[in-house]
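Subject: Structure for you, with notes on the ligand and metal sites

Hi there,

Here is the structure I promised to pass on. Please open it alongside this message, and my notes will follow below.

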Amino acid sequence: MTPMPIISFAKFAAPKKGTAIVLVEEGGALSEAANTCDPGKAFSRAFPVAEFSGKSGSVVEVLAPEGSPLDRLVAIGAGKAADLNDYGWLKLGGAVAAQLRKAGEVTVVVELAGAAAGGAEAAKLAAGMLLRSYSFEKYKTRKDENNGKDAPAKPAKVTIQCADPAGAKKAFSDAQAVADGVMLARDLVNEPANVLGPVEFAARAKELEKLGVEVEVLTEKEMKKLGMGALLGVAQGSVRPPRLVVMRWNGGKSKDKPVAFVGKGVVFDSGGVSIKPAAGMEDMKGDMGGAAAVTGLMHSLAARKAKVNVVGIIGCVENMVDGNAQRPGDIVTSMSGQTIEVLNTDAEGRLVLADALWYCNDRFEPKFMVDLATLTGAIMVALGQQHAGLFSNNDELAERLAAAGTTTQEKLWRMPLGAEYDKLIDSKNADMKNIGGRHGGSITAAQFLQRFVKDTAWAHLDIAGTAMGSQANEINQSWGSGFGVRLLDQLVRDHYEG
Ligand code: BES
Ligand code: MN
Ligand code: ZN
């Protein structure tokens with residue numbers, strides 16, 4: 001495990017120490033600056049032996065030849081130059097980070113033989129290095145388990161050489177803001193529920209005040225006064241009281257309507273009286289992945305001083321089962337006035353979001369609302385862990401989100417909504433019930449949410465499959481992925497700033 005590298009930018013110059021890492025496009029040609037690192041031509045002997053041709057994901061590592069001031073030379077395949085989009089550069093950064101060893105000095109040469117690589121590209125690569133280097137280790141008391149030593153591992157010192165180091169440094173402060181938001185979201189998802197209850201989550205959100213975010217925390221008493229019976233019904237089985245957190249970043253014009261993001265923050269979902277099976281229940285510490293993404297996003301937008309007004313609302317509760325827990329068959333009244341028959345206490349996320357969405361719409365009249373929630377197991381049956389489900393009442397918003405998903409590779413797949421599905425949650429005893437039956441479980445959950453958004457443009461992202469436990473990849477090795485932060489930062493960047 002490597003700790004977070006310390007990154008700086010510099011002009012091209014032959015490195016004098018440590019490891020040199022160069023990038024090689026498909027075809028295998030070395031750039032001028034890359035050649036400077038390797039006067040002994042070690043690469044030109046190694047490439048054919050290793051059958052290295054610069055394919056994306058391939059790596060050649062050689063010991064620096066006798067007489068060189070360096071220790072190691074590493075060539076990383078960058079693939080076809082035409083495929084090197086924003087995400088491609090992040091991925092390359094991930095591949096570079098995978099080659100870092102503990103401590104030591106590393107020089108990364110960001111130059112390609114045939115394609116332009118400027119400051120923006122170097123900054124993306126650096127952000128990819130950070131994302132890849134993240135790991136959740138705060139509860140590992142033996143710091144350096146890999147080699148048996150107790151001393152904490154030292155970070156690598158990385159110098160990124162590129163044509164425009166000043167431009168790279170500037171672009172990196174923006175890219176780093178986003179990476180930090182992603183890592184905040186990962187930290188929150190990875191944190192166990194005994195440490196991160198609703199009150200503690202709200203306290204973590206409150207820390208965003210340091211970045212200029214306005215943060216209000218509503219207590220149980222205040223939520224009662226507002227009539228949030230749906231959210232409070234979920235919370236009543238836990239000894240730990242709920243919190244509704246309202247975060248505001250006002251980077252836009254004062255008259256501009258805000259855009260709004262709403263997150264499910266169930267710090268632990270036992271299922272309540274409709275209790276979950278024991279196997280895998282530990283994963284339900286991550287049932288606040290939506291709230292984590294909203295909090296991480298607010299961090300990112302504030303840290304990069306985005307020119308937009310944004311509201312982030314998270315409903316933090318714990319779904320537990322004690323003597324005061326909500327029962328199947330209970331009927332609760334939501335803030336909207338609509339009544340809900342709770343037929344399954346494990347369909348709790350929609351109850352939390354019902355009040356959070358209504359409150360958000362009612363108080364802020366936002367341009368749009370996007371909610372994020374680890375809402376249903378059914379979305380994983382439908383889409384696996386490669387796409388999050390996208391539901392929306394607004395085609396423009398849906399298309400913009402899907403496009404941001406393609407750019408960031410936080411991929412979305414649109415799912416249907418419609419009156420026939422909506423009927424499935426009508427209830428005999430109340431305005432609606434909180435489950436829709438065996439079929440189309442993610443869709444009936446989304447229909448439920450839609451009953452709390454009126455005509456406001458709205459999208460719901462079911463991130464149950466993507467927020468946690470997805471396969472490790474080039475830029476994420478952690479259980480909690482931070483899914484949604486890069487996606488929504490991209491959405492805001494592309495359409496709602498300035
Ligand atoms: N938090 C769960 C959904 C979930 C499952 C997220 C697995 C991540 C991984 C949600 O609250 C839930 O329990 N949903 C039920 C709904 C059902 C009772 C209608 C489900 O998916 O089984
Ligand atoms: Mn549940
Ligand atoms: Zn849940």
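A word on terms before the metals: donors here are N, O and S atoms within 2.8 Å of the metal, and water is not among the atoms, so sites may look incomplete. Please also keep in mind that this is a predicted model.

**The manganese ion (ligand 2)**

The protein donors of the manganese ion (ligand 2) lie 2.0 to 2.2 Å from it: Asp269 (OD), Asp346 (O), Asp346 (OD) and Glu348 (OE). Along the sequence, these donor residues follow the spacing D-x76-D-x1-E. As a reference, the ideal angles for six octahedral donors are 90 or 180 degrees.

**The zinc ion (ligand 3)**

For the zinc ion (ligand 3), the coordinating atoms come from Lys264 (NZ), Asp269 (OD), Asp287 (OD) and Glu348 (OE), at 2.0 to 2.4 Å. The spacing of these donors along the chain is K-x4-D-x17-D-x60-E. This site is octahedral, with angles of 78 to 175° among the six donor atoms.

What links the zinc ion (ligand 3) and the manganese ion (ligand 2)? Aspartate 269 bridges the two ions, which lie 3.1 Å apart.

**Ligand 1**

Now to ligand 1, which sits in the largest pocket. There are 17 residues around ligand 1, and those that come nearest are Lys276, Asp287, Asp346, Glu348 and Gly377. By class, this shell is made up of seven charged, six nonpolar and four polar residues.

Some polar contacts to look at in your viewer:

- Lysine 276 has a side-chain N or O atom 2.8 Å from an oxygen atom of ligand 1.
- Glutamate 348 places a polar side-chain atom 2.8 Å from an oxygen atom of ligand 1.
- Aspartate 269 has a polar side-chain atom 2.9 Å from an oxygen atom of ligand 1.

On its own, ligand 1 has 520 Å² of accessible area, and the protein covers 76% of that.

Terms used. Residues numbered from 1 in each chain as written. Chains lettered and ligands numbered in written order. Predicted model: local features only at pLDDT ≥ 70, side-chain atom pairs only at ≥ 80, totals over all residues. Heavy atoms only, no water. Near = heavy atom within 4 Å. Polar contact = N/O pair within 3.5 Å; in protein donor to acceptor, adjacent residues only side chain to side chain. Areas by Shrake-Rupley, 256 points an atom, 1.4 Å probe, with all protein chains shown as cover. 1 Å grid on protein atoms, 1.4 Å probe; cavity = no way out; pocket = protein on both sides within 12 Å on 5 of 7 lines; lining within 4 Å. Sits in = over half its atoms within 2 Å of the grid points. Nonpolar A, V, L, I, M, F, W, Y, C, P; charged D, E, K, R; others polar. Donors = N, O, S within 2.8 Å, 3.2 Å for Na, K, Ca; no water. Tetrahedral: all angles 85-135°; square planar, octahedral: opposite > 155°, others 65-115°.
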